[in-house]
Structure formats: C-alpha cells, structure tokens
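These are my notebook entries on a single structure. I record below what I looked up, entry by entry.

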Amino acid sequence: MSYEAPRTTVGFERVYNMAGFPSNPVPYELTGNTAFPKGAVVVMTDGLLARADDNTTSKVVGVMAEEVKQADNPSDEVTYGMVYDNPLDVFRVSVADHLDVTATGGSATRFEATGEFNDDMEGSVIYVYEGPSKGAVRTISDSDDNYVDVYVPFPETITTDSKAVVLGED
C-alpha cells in the first residue's frame with residue numbers, strides 16, 4: 001500500500017532580512033471576493049493584488065503577512081492586506097508531512113516509483129532534489145500507485161538517479 005502524505009502546508013514564513021531591516025509589511029489593495037492565506041505568494045494583476053498560481057513567473061509582489069478571508073474581502077468594497085514585499089526578506093516554507101521517493105524510471109512528464117504514490121495526488125507538488133531535473137518543482141496533474149504525471153515537462157528526462165519529495169496540495 002502506498003504512503004499517503006497529508007495535504008497540509010503552512011506556507012511561507014518570514015525569517016529575516018539580509019540587510020537587517022525589521023519586519024515591515026505594507027498594505028496592498030486586494031482583488032475582491034478572494035481569500036488570501038497567510039504565507040501565500042501574491043502578484044500584481046490589473047493594479048490589484050492576486051494570489052500567484054503554478055505558472056507565475058513575473059509580477060510577484062511578495063508574501064501575505066496576514067490571512068484575509070474571502071468573507072472579509074467582498075467585491076463591492078476596497079480591502080487591503082498586509083504583504084512582506086522587501087526583496088531582501090528571506091523566507092522558509094514548512095510542511096507538515098511529505099513523501100520522499102526515488103524514481104524507478106520516467107520521462108519528461110512522468111516520475112515513476114513503483115508502489116509509492118496513490119491515485120489522489122493531483123494538485124500536489126513534486127520537487128526533484130537529486131539527479132536529472134534537480135531543482136525542478138512541478139504540479140502533479142495525474143497519479144497512480146506507480147507514477148505521477150506533471151502539467152509542465154521536467155527540464156530533463158527522469159531516470160533512476162532522480163529523487164524527489166511530494167508536498168501536499170494547498
């Protein structure tokens with residue numbers, strides 16, 4: 001039976017600033033009718049703050065310093081949320097649990113590990129920390145006991161030298 005990692009993460013947490021500046025979150029106007037969890041990465045879209053998605057590569061503003069619930073952010077009102085936006089801030093991400101796997105094979109879009117996965121990992125994140133595609137982070141699009149597929153191809157073909165961790169979905 002496959003190990004099932006709980007889908008619980010804490011998000012990004014500010015640790016310190018490389019220049020020694022104190023914590024100073026800044027208020028930004030939020031996209032209405034949207035929840036913003038503390039620790040979520042946020043971007044600027046049409047002059048309003050929005051949550052980053054898996055394909056975000058630009059316009060990142062920072063990390064939410066506080067939680068703003070959807071109910072507290074109606075679309076017919078202007079709501080502000082506090083954001084850590086200093087580029088010298090250093091963050092850590094904490095994860096309640098994870099699945100550590102070594103590949104038994106794979107391809108540019110598939111990480112195989114016989115009997116390691118379960119068939120309900122869609123939306124989770126896989127991070128390759130050793131071997132081909134080291135450093136790649138991808139969102140899982142499909143899964144089975146023996147493999148996970150990803151939306152965006154890995155930079156290199158996954159081989160038996162690839163090792164990864166699977167982190168639960170948000």
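Which backbone nitrogen does the side chain of asparagine 86 reach? I found that it is the backbone nitrogen of leucine 88, at 2.8 Å.

**Basis of the entries.** I am working with a predicted model, in which local features need pLDDT of at least 70 and side-chain atom pairs count only at pLDDT 80 or more, while totals for chains, interfaces and linings use all residues. Residues are numbered from 1 along each chain as its sequence is written, and side-chain values use heavy atoms, with hydrogens and water left out.

**Asparagine 86.** I placed this residue in the loop between strand 6 (80-84) and strand 7 (89-95). Strands here are DSSP runs (E, at least two residues), numbered from the N terminus. I then looked up contacts, meaning heavy atoms within 4.5 Å. Not counting residues up to four places away in sequence, asparagine 86 touches Asn17 and Phe21.

I traced an open sheet of seven strands with antiparallel pairing, in the order 8-14-11-12-13-10-9. Two strands pair if DSSP finds at least two bridges between them. Strand 8 and strand 9 (105-106) are the edge strands, each pairing on one side only. Strand 8 and strand 14 run antiparallel and are joined by five bridges. Aspartate 100 stands opposite valine 165 of strand 14.

**Nonpolar cores.** A nonpolar core is a set of buried Ala, Val, Leu, Ile, Met, Phe, Trp, Tyr and Cys residues joined through side-chain atoms within 4.5 Å. Buried means under 20% relative accessible area, exposed over 50%, and partly exposed in between (1.4 Å probe, protein chains only). The largest core has 17 residues, of which Phe111, Phe117, Ile126 and Phe154 touch the most other members. Strand 8 (98-102), strand 11 (125-130), strand 13 (147-150) and strand 14 (163-167) each give two or more residues to this core. Apart from it I noted another core of 10 residues, including Tyr28, Phe36, Val42 and Val68.

**Isoleucine 158.** Is this residue buried or exposed? I recorded isoleucine 158 as buried, because its relative accessibility is 2%. It is found in the loop between strand 13 and strand 14. Leaving aside neighbours within four places in sequence, its contacts include Arg110, Phe111, Val128 and Ser133. Isoleucine 158 and serine 133 are 25 residues apart in sequence, yet their C-alpha atoms are 6.8 Å apart.

**Salt bridges.** How many salt bridges does a search of the whole structure find? I counted three, each being a side-chain nitrogen of Lys or Arg within 4 Å of a carboxyl oxygen of Asp or Glu.

- Aspartate 89 meets arginine 14 at 3.1 Å, N to O. The pair links distant parts of the chain, strand 7 and strand 1 (residues 9-17), 75 residues apart. Aspartate 89 is buried at 9% relative accessible area, and arginine 14 is buried at 18%.
- Aspartate 149 forms a salt bridge with arginine 110, the closest N and O atoms being 2.7 Å apart. Aspartate 149 lies in strand 13 and arginine 110 in strand 10 (residues 110-112), so the pair ties together parts 39 residues apart in sequence. Aspartate 149 is buried at 14%, whereas arginine 110 is partly exposed at 27%.
- Lysine 163 meets glutamate 130 at 3.7 Å, N to O. The pair links strand 14 to strand 11, 33 residues apart. Lysine 163 is partly exposed at 27%, and glutamate 130 is partly exposed at 36%.

Conventions: Helices (H or I, at least four residues) and strands (E, at least two) are DSSP runs, numbered from the N terminus. A polar contact is a pair of N or O atoms within 3.5 Å; within protein, one must be able to donate a hydrogen and the other to accept it, and residues adjacent in sequence count only if both atoms are side-chain atoms.
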